Amino acid sequence: PSFHDAEVVSLVLDRAGDDDGFGPSLVATIRTFDITHEVLPDGLLKLTHECAAVMAFREVVQLQLTGFNSQNVLSGLHIIDIRDRQLERQRFEVWFAGVHGLDARFQCRVVEVLSVTAL
């Protein structure tokens, strides 16, 4: 998904890392959906394919996180391959592009989708 208008429901930061030897981690739960052009009786647009995606980012460095609050709407989630920069361990640059609430940027070595659950 594009994660446009998706909402970050939770973030968990863990400095200890995991059993595989990867350092600090960030686990995000993101509510995402598709918006149709169908208008519901209450005037809102109908949503389809609603789900909760849980994503893990391992060996997080250079974390910049601002604005987390009770509603964290994204314009998008950008994951950029930066291996051509020949950094020692980081492979990805990640940007949770916030519209309202959370905005986060960081680099990491591993990106994993842990689960996707229909809502």
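1. A polar contact here is a pair of N or O atoms within 3.5 Å; within protein, one must be able to donate a hydrogen and the other to accept it, and residues adjacent in sequence count only if both atoms are side-chain atoms. With that in hand, look at Asn 72: its side chain reaches the backbone oxygen of Asn 69 at 2.8 Å. A polar atom of the Asn 72 side chain also lies 2.9 Å from the backbone nitrogen of Leu 102.

2. Before going on, a word on what you're looking at. This is a predicted model, where local features need pLDDT of at least 70, side-chain atom pairs count only at pLDDT 80 or more, and totals for chains, interfaces and linings use all residues. Residues are numbered from 1 along each chain as its sequence is written, and side-chain values use heavy atoms, with hydrogens and water left out.

3. Back to Asn 72. You'll find Asn 72 in the loop between β4 and β5 (73-81); helices (H or I, at least four residues) and strands (E, at least two) are DSSP runs, numbered from the N terminus. Asn 72 counts as buried because its relative accessibility is 2% (buried means under 20% relative accessible area, exposed over 50%, partly exposed in between, with a 1.4 Å probe and protein chains only). Leaving out residues up to four places away in sequence, Asn 72 touches Ala 6, Glu 7, Val 8, Gly 67, His 100, Gly 101 and Leu 102, where contact means heavy atoms within 4.5 Å.

4. Glu 59 sits in the loop between β3 and β4 and is buried, at a relative accessible area of 9%. The side chains of Glu 59 and Arg 89 are joined by a polar contact of 2.5 Å. Not counting residues up to four places away in sequence, the residues that Glu 59 touches include Gly 21, Phe 22, Gln 107 and Cys 108. Val 94 is 35 residues from Glu 59 in sequence, yet the C-alpha to C-alpha distance is 12 Å.

5. Now the strands. β2 (residues 25-39) and β3 (residues 45-58) pair in the antiparallel sense over eleven bridges; two strands pair if DSSP finds at least two bridges between them. Thr 29 has Val 54 as its bridge partner in β3. Five residues lie between the strands of this hairpin, and Gly 43 takes a positive phi near 90° there. β3 also pairs with β8 (residues 110-118), again in the antiparallel sense, over eight bridges. For Arg 58, the bridge partner in β8 is Val 110.

6. Which residues other than glycine have a positive phi? His 49 is one of them, with phi near 55°, and lies in β3. Gln 62 is another, at about 55°, and is found in β4. His 49 counts as exposed because its relative accessibility is 62%. Gln 62 is exposed as well, with a relative accessible area of 59%.

7. Last, the surface. Leu 13, Leu 63, Leu 65 and Phe 68 form a nonpolar patch there, with about 340 Å² of accessible area together. Patches are made of residues with over 30% relative accessible area and no salt bridge, like charges being joined within 9 Å and nonpolar side chains (Val, Leu, Ile, Met, Phe, Trp, Tyr) within 5 Å. A salt bridge is a side-chain nitrogen of Lys or Arg within 4 Å of a carboxyl oxygen of Asp or Glu. Accessible areas come from the Shrake-Rupley method with a 1.4 Å probe; for residues, only the protein chains shown count as cover. Leu 65, in β4 (residues 61-66), is partly exposed, at 35% relative accessible area.
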